[in-house]
Amino acid sequence: MYQVVMDEDEAVLEAPEQQESAAGGQSASFGRVVSDEVDFSHGVALYVDEVTVAFDGFRALNALSLTIDAGELRCIIGPNGAGKTTMMDVITGKTPPDAGRVFFGQTFDLLRLREPDIARLGIGRKFQKPTVFEAMTVFENLELALAADKRARRSIAWRLDDAQRDRIAQTVELIRLREHADRLAGELSHGQKQWLEIGMLLAQEPVLLLLDEPVAGMTDEETERTAELLLTLEGKHSLVVVEHDMAFIERIARKVTVLHEGSVLAEGSLAEVQADERVIEVYLGR
């Protein structure tokens, strides 16, 4: 198992025997992840195993277990309070669980890493409300988000190279904002801001994308375009989409997981979970 250790300038990932010699038998707590050797040999990108989170006695997650395959597009649905946001908080390091394990591939124990370390590993999260830099252009937002060494010493002299410019060009094309590349992000529609934020995540070259209600507040046309975008990303990235819009879920769903009271209530194709009497009772209604 790889863990994070610190040296003078940056953190590196080393095997346990290397950590012992480097740290005098004591492993360091946290540091910047620089290794990209995530092991997906079993075909699974994310393991969530028996994770429990309690807030003042209320179990937001109750022994939650699920796996996300490499390249999979998974939809997560469920009533408010089912644990969907808390699940993403645990995966991204925002909320430590009371029990359980979370692994990225076979290699990394996410519960040992801080939020920035997890992001550098290739896990990106999009919140429901778009968070873009409104005083900057679309191009500048994507430039700022590019996967690169952003430490102060190296950022001072950093300049875009041809490959990075090409990557931005490909990204604005993918998110359908090519004609708006020089436009301030604050001037975009709500849906366009959502696409820009997805583009900013893609610029970081993520392996796993967590998307929280990506079509909330969108027009029907924007919702359809977002569905097309996510289907384009399927197979190239692992995607976890949390959403209440069932028409949108129907458009993109391959496998659906239904959460209720912090646990998996049902899982399968959309048709299978829609026919499940428990899901109908607690979420879909009759």
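Predicted model: local features only at pLDDT ≥ 70, side-chain atom pairs only at ≥ 80, totals over all residues.
Six strands make up an open sheet with mixed pairing, and their order is S8-S9-S10-S5-S11-S12. If you look at the two ends of that order, you will find strand S8 (123–126) and strand S12 (263–268) at the edges. Each of these has a single partner strand, so one side of each has no neighbour in the sheet. From one strand to the next, the twist averages 20 degrees.

In general, strands of a sheet pair through backbone hydrogen bonds, either parallel or antiparallel. Here S8 and strand S9 (residues 208–212) run parallel and are joined by four bridges. To find your place in this pairing, look for Arg125, which stands opposite Leu210 in S9. Lying across S8 and S9 is helix H7 (residues 190–203), which runs at about 170 degrees to S8.

Next, let's turn to the aromatic rings. The structure holds one aromatic pair. Its members are Phe40 and Phe104, in an edge-to-face arrangement with 5.5 Å centre to centre and 75 degrees between the planes. The two residues are 64 residues apart, so to speak, and the pair links distant parts of the chain. Phe40 sits in the loop between helix H1 (16–22) and strand S3 (44–55), while Phe104 belongs to strand S6 (residues 99–104).

Definitions and conventions: Residues numbered from 1 in each chain as written. Heavy atoms only, no water. Pairing = 2+ DSSP bridges. Axes fitted to C-alpha atoms, helices over the stretch in contact; angles between N-to-C directions. Contact = heavy atoms within 4.5 Å. Phe/Tyr/Trp six-rings, centres within 6.5 Å; stacked < 30°, edge-to-face > 60°.
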